[in-house]
Amino acid sequence: MAIAKAERLMNLALCLLGTRRPLSKRELRGSIEAYLEAFGPGNGAAPGDGSGGPDNATGSDDAFNRMFERDKDDLRELGLIIETVESVDGDTGYLARRDSNRLPPITLDVEEAAALGLAASVWQQARLAAAASGALQKLRAAGMPLAEELYGSHSALETRIPAHEAAFEPLMLAARDRRPVVFDYRKANSARPEQRHVEPWQLECWRGHWYLAGWDRERKAERVFRLSRITGKVRSRGIPFTAPVPDHVTVRETVERWAGETATGTARIKVRADHGYPLRARAMSTRELGDGWDELEIPYGHGLDAWLVEFGPDVVVVEPAELRDAVLDRLRAVAKG
């Protein structure tokens, strides 16, 4: 349905941009295949006969009028300037003048071009790679300076955000199209996956891991899911969202909190010497214990237990007790397979 509407809007836009004179509703109805298939030429006229008489008050004509007005509003919302012109006979016509809808020349300095190139390179391992590369090629063909002009043969920054999880692409598309999904999810402290029904909001990357923020339909609450723990296929459902989608900032804060970035206290841990450098970078204080161990005081927030488990035997939780118990529960779950 989304593809059919996009094609219909594109054809309507091309008709309005390609004409030198205003076109009536009847002419547009007879020229666009989607309208013809759904409603016919209308009023017994041949397609594109140029007559501008009023449509008969039939259900088909009323439905066409409603769809045409919606399509016209959608194009205007997308930025197309559509003029409504009254002829000397009192008929109403529509057109989109090319000079009114032509974008101004794109002017980017070398620093701005470098920023665009850096942003495009992020998606080289994801579905957006082709679109990002194509956009850069078009901008360069139009005269956009190359990043190499600023940095020489080697870029000063080489950013990559890997997206190896099979769930990344279907979740990205579902979040874009606002389609609920179903997938099997294995929590870190669970040996078996559970089925989740989720309304996906947004994908975020924290500490090299991708997370999905969304609305859990069964738990009726917002939840964050780590993509590496999604097992099997992500299946889309053709039903509408039931919960409002928060803005980008709110979703980012949600992922930040669930991924352990927002601290609510402090924790003391023992780290083997010459290990755990990401933990050491966040440490508020460090004390040598001898025997090859150091004691760190680090911020403690939701998700810290899952992060500490990744360091295996090189990290031991001293306090608080609930954090130590959570880490042990996760390790037991891993041991059980």
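**A side chain and its surroundings**

Begin by selecting D305, which, leaving aside its neighbours within four places in sequence, is in contact (heavy atoms within 4.5 Å) with L323, A326, V327 and R330. This is a predicted model, in which local features need pLDDT of at least 70 and side-chain atom pairs count only at pLDDT 80 or more, while totals for chains, interfaces and linings use all residues. Residues are numbered from 1 along each chain as its sequence is written, and side-chain values use heavy atoms, with hydrogens and water left out.

Colouring by secondary structure places D305 in helix α11, residues 304-309, where helices (H or I, at least four residues) and strands (E, at least two) are DSSP runs numbered from the N terminus. D305 has a relative accessible area of 13%, and it is therefore buried (under 20% relative accessible area, with exposed over 50% and partly exposed in between, using a 1.4 Å probe and protein chains only). Now show the side chains of D305 and R330, which are joined by a polar contact of 2.7 Å (a pair of N or O atoms within 3.5 Å; within protein, one must be able to donate a hydrogen and the other to accept it, and residues adjacent in sequence count only if both atoms are side-chain atoms).

Next, select strand β5, residues 209-216, in which six of the eight residues are buried. Strand β4 (residues 194-206) runs antiparallel to β5 and is joined to it by eight bridges, and β5 also pairs with β6 (residues 221-226) in the antiparallel sense over six bridges; strands pair if DSSP finds at least two bridges between them. Centre on A213, the bridge partner of Q202, which also stands opposite V224 in β6.

Finish at K220, which takes a positive phi near 55° in the hairpin of β5 and β6, where four residues lie between the strands.

Conventions
Contact means heavy atoms within 4.5 Å.
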